[in-house]
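My entries follow in the order I made them.

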Amino acid sequence: MSNIRKPAVAGKFYQGTEEGLKSQIEKCFEQEHGPGEIPEVSERGPQNMVGLISPHAGYPYSGPVAAHGFSKMAESGKPHKVVILGPNHSGFGAELAFDNSEAWETPLGEVNIDQALRDEILSKTLNGELDATAHRREHSLEVQIPFLQYLFANDFEIVPICLKRQDLETCEALGEAIGKVENGQNIIVIASTDLTHYESPKSAEKKDNQILEKIKTQDWKGVNELASKSDHSTCGYGPVTATLLATKRMGGNEVNLFKHSNSGEIGGPSREVVGYASLGIYR
């Protein structure tokens with residue numbers, strides 16, 4: 001296999017060696033801000049999780065919050081396909097970028113892209129393009145994958161999608177496209193987002209809670225409207241918008257908040273923090 005997307009943030013956002021990364025992920029599960037223990041993957045299901053909203057900062061900051069969601073995913077059972085939606089931080093590439101690689105690599109090995117599923121979703125979107133440029137430096141999708149590999153080895157396939165354009169029309173079309181392709185494939189959709197950026201803990205908590213209330217009621221239009229306002233800084237509101245709609249179409253009717261915290265609580269007190277949350281969507 002020659003067309004492999006190499007890791008962009010290994011050794012930066014997370015440990016760059018296999019041994020170091022496994023140890024780091026285990027600490028995310030075990031530490032006080034994490035779920036407290038390393039999860040066991042359920043062999044039989046119930047396979048009722050259809051969506052996950054997960055943060056994407058460096059593991060020393062958001063990793064324990066992310067671990068809550070992946071722990072619950074393990075309880076639900078191994079997915080066959082994982083569609084990962086993340087915002088475009090670099091500004092490079094297409095407005096709605098589907099990666100044209102065959103696989104993604106991390107220090108834990110290679111994960112194949114389901115090219116047929118990717119192309120099926122792409123064909124139903126607005127503004128979607130096959131474009132590797134947007135993915136080359138992007139961390140928001142990459143940081144989700146080592147957690148998946150730790151739990152499920154490399155026995156699953158991914159469809160990574162990078163959103164530079166996060167308007168409601170584009171996100172609704174993407175959500176509808178994803179929601180129509182499940183057909184018993186046991187798909188989980190991950191929306192990668194951090195919440196309020198670089199505000200006081202009090203201000204961040206207030207704004208985070210406003211977004212979280214919209215998410216918990218599956219109000220994808222409300223999420224998009226609120227987060228696109230100038231005084232809000234949730235970076236992945238487009239992925240969340242699309243994920244809430246997609247999972248609604250997949251039968252998701254319940255959203256559970258697993259953990260809400262910020263960089264100051266996890267990494268040490270600070271006058272300005274970034275908010276993180278982990279939520280699961282269930283049918």
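I began with accessibility: buried means under 20% relative accessible area, exposed over 50%, and partly exposed in between, with a 1.4 Å probe and protein chains only. The model is predicted, so I took local features only at pLDDT of at least 70 and side-chain atom pairs only at pLDDT 80 or more, while totals for chains, interfaces and linings use all residues. Residues are numbered from 1 along each chain as its sequence is written, and side-chain values use heavy atoms, with hydrogens and water left out.

Entry 1, whole chain. I looked up the burial and found that 57% of the 283 residues count as buried. Along the principal axes, the C-alpha atoms fill a box of roughly 45 × 40 × 40 Å. I then looked at contacts, meaning heavy atoms within 4.5 Å. Of those with a separation of 6 or more, 82% join residues 24 or more positions apart. The secondary structure comes to 10 helices and 12 strands. These are DSSP runs numbered from the N terminus, with helices as H or I of at least four residues and strands as E of at least two.

Tyrosine 198 has a positive phi of about 55 degrees. I placed tyrosine 198 in strand β10, residues 197–199, and at 55% relative accessibility it counts as exposed. Asparagine 127 also has a positive phi, near 70 degrees. Asparagine 127 sits in the loop between α3 (115–122) and β7 (128–130) and is partly exposed, with a relative accessible area of 34%.

For helix pairs I used axes fitted to C-alpha atoms over the stretch in contact, with angles from 0 to 180 degrees between N-to-C directions. Helix α1 (residues 18–30) and helix α5 (residues 145–152) have axes that come within 11 Å and cross at roughly 90 degrees. That makes α1 roughly perpendicular to α5; the class covers 65 to 115 degrees, with under 35 roughly parallel, over 145 roughly antiparallel and the rest oblique. The α1 side of the contact includes Leu21, Ile25 and Phe29, and the α5 side includes Phe147 and Tyr150.

Alanine 153 lies in the loop between α5 and β8 (157–163) and counts as partly exposed at 46% relative accessibility. I read 8.2 Å between the C-alpha atoms of alanine 153 and leucine 108, which are 45 residues apart along the chain.

Which helices did I find meeting α8 through Leu168, Cys171 and Glu172, and through Gln210, Ile211, Lys214 and Ile215? The former residues belong to α6 and meet Trp220, Lys221 and Asn224 in α8. The latter belong to α7 and meet Gly222, Val223, Leu226 and Ala227 in α8. The axes of α6 (residues 168–179) and α8 (residues 220–227) come within 11 Å and cross at roughly 150 degrees, and the two helices are therefore roughly antiparallel. Helix α7 (residues 201–216) packs on α8 at about 160 degrees, with axes 8 Å apart. That makes α7 roughly antiparallel to α8.
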